[in-house]
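I opened the model to look up its ligand surroundings and its annotated sites. My entries follow the structure.

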Amino acid sequence: MPAPTAEELRSTARVVSIPMRVRFRGVTHREALMLRGPAGWGEFAPFPEYDDIESAAWLRAAVEAAWAGFPEPVRGRVPVNATVPAVAASDVEPVLARFGTAPAVKIKVAERGQTLDDDVARVAEVRRLLPVARLRVDANGGWDVPAALEALEALAPYELEYAEQPVMSIADLRTVRLELRRREISTLIAADESVRKAEDPLRVAHEDAADLIVVKVAPLGGVRRALDIVAQAGLPAVVSSALDTSVGISAGVALAASLPELPYACGLGTLSLMEGDVSATPLMPDGGWLPVRAPEVSEELIERYAAPAERSAWWLERLERVVGLL
Ligand SMILES: O=C(O)CCC(=O)C1=CC=C[C@@H](O)[C@@H]1C(=O)O
Ligand SMILES: [Mg+2]
């Protein structure tokens with residue numbers, strides 16, 4: 001694949017800003033720079049606080065999507081979880097309703113400014129509404145070791161299949177994992193930030209600090225690189241979104257569809273948290289599944305969600321700087 005020039009990237013770039021239905025990790029509008037190449041659309045959307053070096057992987061992923069396309073899938077559909085942000089227990093039902101059937105649910109916990117009681121109430125409410133769904137929590141590294149153990153002990157009666165990044169460091173993940181086993185709590189440990197933000201995405205696997213890994217296409221630099229990391233890690237993988245439009249979701253679906261094994265539902269149902277999309281036929285789950293297909297991007301929707309001029313300029317400058325790092 002001939003790499004596109006900076007000028008080619010610039011000339012196709014369109015910046016969108018899509019309102020969220022529910023605030024998620026502090027985000028109320030999701031901004032993304034869309035690129036178009038010979039293989040289709042790509043999405044470049046590192047969160048605004050990410051630096052240029054970290055953002056380079058996101059650009060590689062967008063270029064792969066638009067200039068190379070994806071490897072052959074081995075399955076035609078992908079199971080997905082519903083995602084419940086750190087909302088009040090009383091808001092859980094409407095969030096789940098937008099998702100439809102949910103055989104698995106990921107619940108955000110350890111949000112700054114909230115308490116363990118808030119987390120327990122939210123998880124209990126999901127369990128009350130969905131008595132047989134598989135439940136996971138995601139703390140985004142928000143606990144220290146004692147807080148994680150206290151919380152996972154308190155949440156054990158709700159039968160969690162795994163806890164995603166309960167603590168931030170790899171050493172602490174390992175401690176929590178071993179201590180849960182010692183206490184005979186069956187909740188598994190999943191690594192997310194320890195993969196996508198680590199200098200060495202394989203270290204968490206080599207140090208026996210997690211039972212499974214969460215992989216996201218954009219921060220890992222593309223579908224092929226993510227496939228390679230999963231193969232080398234030798235652990236089960238859950239593919240998750242970066243709060244993408246249908247373009248980024250389709251890259252996640254392509255990864256999930258080409259993994260040799262896919263034992264867990266993926267975190268790719270996040271379009272139901274968003275108010276709109278760049279596609280008139282968004283990649284939204286149906287009955288807990290997403291189809292494996294290319295996104296159908298609408299020029300009209302790209303226009304409708306066009307970012308304000310100063311935000312577009314900010315993204316184009318960012319693109320310019322990050323291209324220089326590829
Ligand atoms: O995994 C899911 O169910 C949804 C995706 C999701 O949780 C995330 C998307 C984007 C940014 C992250 O902070 C967050 C995560 O931590 O997994
Ligand atoms: Mg996570």
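Which residues are the closest to ligand 1? I found 13 residues around ligand 1, the closest being Thr83, Lys106, Ser240, Leu243 and Gly267. A residue is near when its C-beta atom, placed from the backbone, lies within 6 Å of the molecule.

I noted that this is a predicted model, where local features need pLDDT of at least 70, side-chain atom pairs count only at pLDDT 80 or more, and totals for chains, interfaces and linings use all residues. Residues are numbered from 1 along each chain as its sequence is written, while chains are lettered from A and ligands numbered from 1 in the order in which they are written.

I sorted the shell around ligand 1: two nonpolar, seven polar and four charged residues. Gly counts as polar here; Asp, Glu, Lys and Arg count as charged.

Next I checked the record. UniProt, in an unreviewed entry, puts "binding site" at Asp138, Glu164 and Asp192. They span 55 residues in sequence, yet no two of their C-alpha atoms are more than 9.0 Å apart, so they gather at one spot. Such annotations may be inferred rather than shown by experiment.

I located Glu164 in strand β8 (residues 160-164). Strands are DSSP runs of E, at least two residues; helices are H or I, at least four. Glu164 is buried, with 28 other C-beta atoms within 10 Å. Buried takes 20 or more. Beyond four places in sequence, Glu164 is in contact (C-beta atoms within 7 Å) with residues including Asp138 and Asp192.

I found Asp192 in the loop between β9 (188-191) and α7 (193-196). Asp192 is buried too, with 23 C-beta neighbours inside 10 Å. Leaving aside neighbours within four places in sequence, Asp192 contacts Glu164, Gln165 and Val214.

Note on methods:
A residue is buried if 20 or more other C-beta atoms lie within 10 Å of its own, exposed if 12 or fewer, and partly exposed in between; C-beta atoms are placed from the backbone. Two residues are in contact if their C-beta atoms, placed from the backbone, lie within 7 Å.
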